Amino acid sequence: NQFSENSFNINNETFTTFDNIFIKKNPFQYRGDLEFKLITSKLSLLQYNVSLRNETIKTNRAIFSNQENDFISYLQSKNLFLKQRLQYTKKITNKKAIQTSLLYSTNSLKQYFNITPSFFNTNETDRSLQNNNSKKHYLDFKGTLLAAKKNDNYAFTFGASLSKELFQSFLGSQNDTDTIPFQNGINNLEYKKNEFYTLGSYHWKFKKLKVSTNYSLKFLHQNLDLFENNTSTDSNHFIFEPSLNVSYKLNQISFLNMTMGLNRNTNSIQNLFPNSVLINNRTLLSNIQNLSLQKNQSVGLSYDKNDLFNQLEISIGVNYTKQKGGFFSNSLINGNSLIVESFFSPENTENLNLNLNFSKLIPVLKTTLKINSNYSVFNFKNIVNNSELRNNKSNYINNQIFLKTAFSSVVNFENKINYIYRDTQNETLFKSTSFQNKFKIIVKPSKQFYGNLTVDFFIPNLEKKSNDYSFLSAKIWYKPKNKKWEMNFSGTNLINIKDF
C-alpha cells in the first residue's frame, strides 16, 4: 500500500493531490549462470561466462485519488537479459600480462499496461492501454596491458564498443469494439552509440602517500533515427576524462582521501522518445530530443578511521558535483494530471553532500551503536505551467541511530530511529518531515531455532502527528541439525493496518 500527498501553489492557485494505491505483484523469474575456465598453458588462461535472466511481473493496482474517478490498472512486464563474456589472459613476464576480452549483451523488455476508466476521461472509451517494446544490443572488444613494479603499477587499454537501442510504444483508448490511438501517442525510434577509446591508469605509492591517476580518451559517434517523423540526427565528439585520487596515511588506523574528476555523459533513451508515454494514473511523459553531452565535475574530501582494537569506525566526507547541461522538465500541473516535457538546456545544476558515519562497540553494555547522518543541497531549474525557467533549491537531511545488543542470553534487541527532512524552495517553500522507529526483539533459544518480533512506528508527516501508524511483524526459522533444508514462517502487518 502506498499513499502520497502533494500541495501546490502555482500562479496564485493552491491545490492538493493525493493517491492511495493498493498494489499486488506476482513476479516469476528464471536465472542461470555458467562459468568455464580453460588453462591453455602455464602462462595463459581462457575464460567464458554467460548469464541469463528471464523475468515476468504482473502488477495490479487499485487507485483512490482526488481525481474524478478511481482507477484499476494492470501492468505486465517481460524482461529477458543475456550477457556473454570471453576473456583471454597471458602472462608475459612476472610483472606484465596482456588481457583481451569480448563482451556481448542483449536486453529485451516488453510491457502491456491498461487502466480503467480511460486516462483521457472520454465517454467513447472505457479504458486506456499502452504497449511498450524496447531492445538493447551491446558489443565491446578491448585489449589491456597490465604491469606492476615495487611501488607503482599501470594499465593501458584500447577498445571499441557498439550499442544499439530500439524503442516502440503505442498509447490509445479502447472500448469493446474499437481502439483509438492517442494523438502523439506513437513512438518508434532507434538510438546508436559507437565508441573507440583508450583508457589508462597509473598508481604510485611513496611511504604514506598513494596517488592514482586515470584517464579516458575516446571518439564518440551518436545517431538517432525517429521513424515516425522520418528524421535522423548525428553527432560526433572527442572526449577526454581525467580523474585523480590521493590518499595519505595519517597513522595505522586513519586515512585522508581526496578525489576529483571530469567526465561527459550521454543521454538515456528515456530522454529521447518524442511522443507521449503514460506511466501511471496521472502522468504523461515526452521529450524534445537532443544529443548534447552532460559535463560533470566532482571534488570529494573524506577522513576515515578504522580502529579494530577499540571497535571504532568513523567516516566523514564532503562531495561537490557540478553538472553543465542536462534535461530539465517543463511541467503542466493541475489537480488531475501531470504532463511533463523534458528538454535539454546548457544550464548548471549543483549538488553538495556531507555525510557522517560512526560505529562503536560499547563493551560494558555489550551493545553496538551506529550513527549515520547525511545532508545534501541540490540547486536545479525547471518550468511549471508555462513559467519562466525557475531556480529551485532542495535540502535533504537524513539522520539514523541504530542500537544492537550482543548479550550471551537467549534474547537480544535492535532499535533503529530514522528522521528525514525535505524542503524545496522556489517562489514558495514546500517541506516535509517524517519519523520512524523500528524495534526488534530477537530470540535464539538454540542453533536450530531463531525468531524475531518487530514493531515499526511511523509518522509520515510530523506536522500532522495524529496520523501515525504502527506495524507488527514476526518471523521464525527452523534449521535441523546436519540437514540441508530449513523452514521459516513469517507474518506481516499482524494488527491489520488497512490504510497507510
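1. Strands here are DSSP runs of E with at least two residues, and helices are runs of H or I with at least four, numbered from the N terminus. The protein has 23 strands and 0 helices. Strand S5 covers residues 96-116 and contains Lys110.

2. The model is predicted: local features need pLDDT of at least 70, side-chain atom pairs count only at pLDDT 80 or more, and totals for chains, interfaces and linings use all residues. Residues are numbered from 1 along each chain as its sequence is written, and side-chain values use heavy atoms, with hydrogens and water left out.

3. The C-alpha trace spans about 75 × 65 × 55 Å along its principal axes. Of the 500 residues, 31% are buried (under 20% relative accessible area; exposed is over 50%, partly exposed in between; 1.4 Å probe, protein chains only).

4. Among contacts (heavy atoms within 4.5 Å) with a separation of 6 or more, 56% join residues 24 or more positions apart.

5. Lys58, Lys78, Lys110 and Lys135 form a positive surface patch. Lys110 is partly exposed, at 48% relative accessible area.

6. A nonpolar surface patch of about 700 Å² includes Tyr248, Leu301, Val318 and Tyr375. Strands S15 (312-333) and S16 (338-362) are the elements that give two or more residues to this nonpolar patch. Val318 lies in strand S15.

Technical notes: Patch = residues over 30% accessible without salt bridge, like charges linked within 9 Å, V, L, I, M, F, W, Y side chains within 5 Å. Areas by Shrake-Rupley, 256 points an atom, 1.4 Å probe, with all protein chains shown as cover. Salt bridge = Lys/Arg side-chain N within 4 Å of Asp/Glu carboxyl O. Lys, Arg positive; Asp, Glu negative; His and termini not counted. Charge placed at Lys NZ, Arg CZ, Asp CG, Glu CD.
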